[in-house]
Structures are given as structure tokens and as C-alpha cells.
Amino acid sequence: MSDHVYKQIELTGSSPTSIEDAIQNAIARTSKTVRNMRWFEVTGIRGHIDDGKVAHYQVSMKIGFTLD
């Protein structure tokens, strides 16, 4: 087993549809500029309410990736 060094970043994904879509949106967008992503951890969930209904979901998360 080789040794790994990980770095983590914090970000927030959003979606008008669901928490799961907010997570997927964050990971998909981050994968365009960050290589070697290995894990994520949800650290918070928020939402926007409009006219008594959920209008938008926000998910704060950490993403870990290995260094080259």
C-alpha cells in the first residue's frame, strides 16, 4: 500500500431540485479543475424558502483529493 497525502477544500453546491443534485452539481463542477478527488463529507445543509415552499437547496461540503 502506498502512502497518500490528502488535501481538502470546502465548497457549497446548490440546486432547485434536491440535496442530492446539489452534491452532484458541486462534485461535477469541481472535477473540471481538481484532479484525484477521493471523498466528500457533507458539513451542512441549508435552503431558501419562497412563498412557504422550498425554493433552493444548498449543501456545504468538504472534498478530499490526493496530491500528485
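Here is a short walk through this structure, from its sheet to a few of its residues. What you're looking at is a predicted model, where local features need pLDDT of at least 70, side-chain atom pairs count only at pLDDT 80 or more, and totals for chains, interfaces and linings use all residues. Residues are numbered from 1 along each chain as its sequence is written, and side-chain values use heavy atoms, with hydrogens and water left out.

Let's start with the sheet. Three strands make up an open sheet in the order β1-β3-β2, and their pairing is antiparallel. The edges belong to β1 (6-15) and β2, each with a single partner strand, so one side of each has no neighbour in the sheet. On average, neighbouring strands here are turned by 15° against each other, direction ignored. (Axes are lines fitted to C-alpha atoms, for helices over the stretch in contact, and angles run from 0 to 180 degrees between N-to-C directions.) As for the names, helices (H or I, at least four residues) and strands (E, at least two) are DSSP runs, numbered from the N terminus. Two strands count as paired if DSSP finds at least two bridges between them. Between β2 and β3, which run antiparallel, there are 12 bridges. One to look up is Trp-39, whose bridge partner in β3 is Gly-64.

Now find Phe-65, which sits in strand β3. Is Phe-65 buried or exposed? Its relative accessible area is 12%, so Phe-65 is buried; buried means under 20%, exposed over 50%, and partly exposed in between, with a 1.4 Å probe and protein chains only. Leaving aside neighbours within four places in sequence, Phe-65 is in contact with residues including Val-5, Ile-9, Val-34 and Met-37 (contact means heavy atoms within 4.5 Å). Ser-18, on the other hand, is 47 residues from Phe-65 in sequence and 25 Å from it in space, C-alpha to C-alpha.

Over in strand β2 you'll find Val-42. With a relative accessible area of 36%, Val-42 is partly exposed.

Finally, which residue forms a salt bridge with Asp-68? That's Arg-35, and the closest N and O atoms are 2.1 Å apart. The two residues are 33 apart and link distant parts of the chain: Asp-68 is in the segment after β3 (53-66), while Arg-35 is in the loop between α1 (19-30) and β2 (37-50). A salt bridge is a side-chain nitrogen of Lys or Arg within 4 Å of a carboxyl oxygen of Asp or Glu, and the count by this rule is 1. Both Asp-68 and Arg-35 are exposed.
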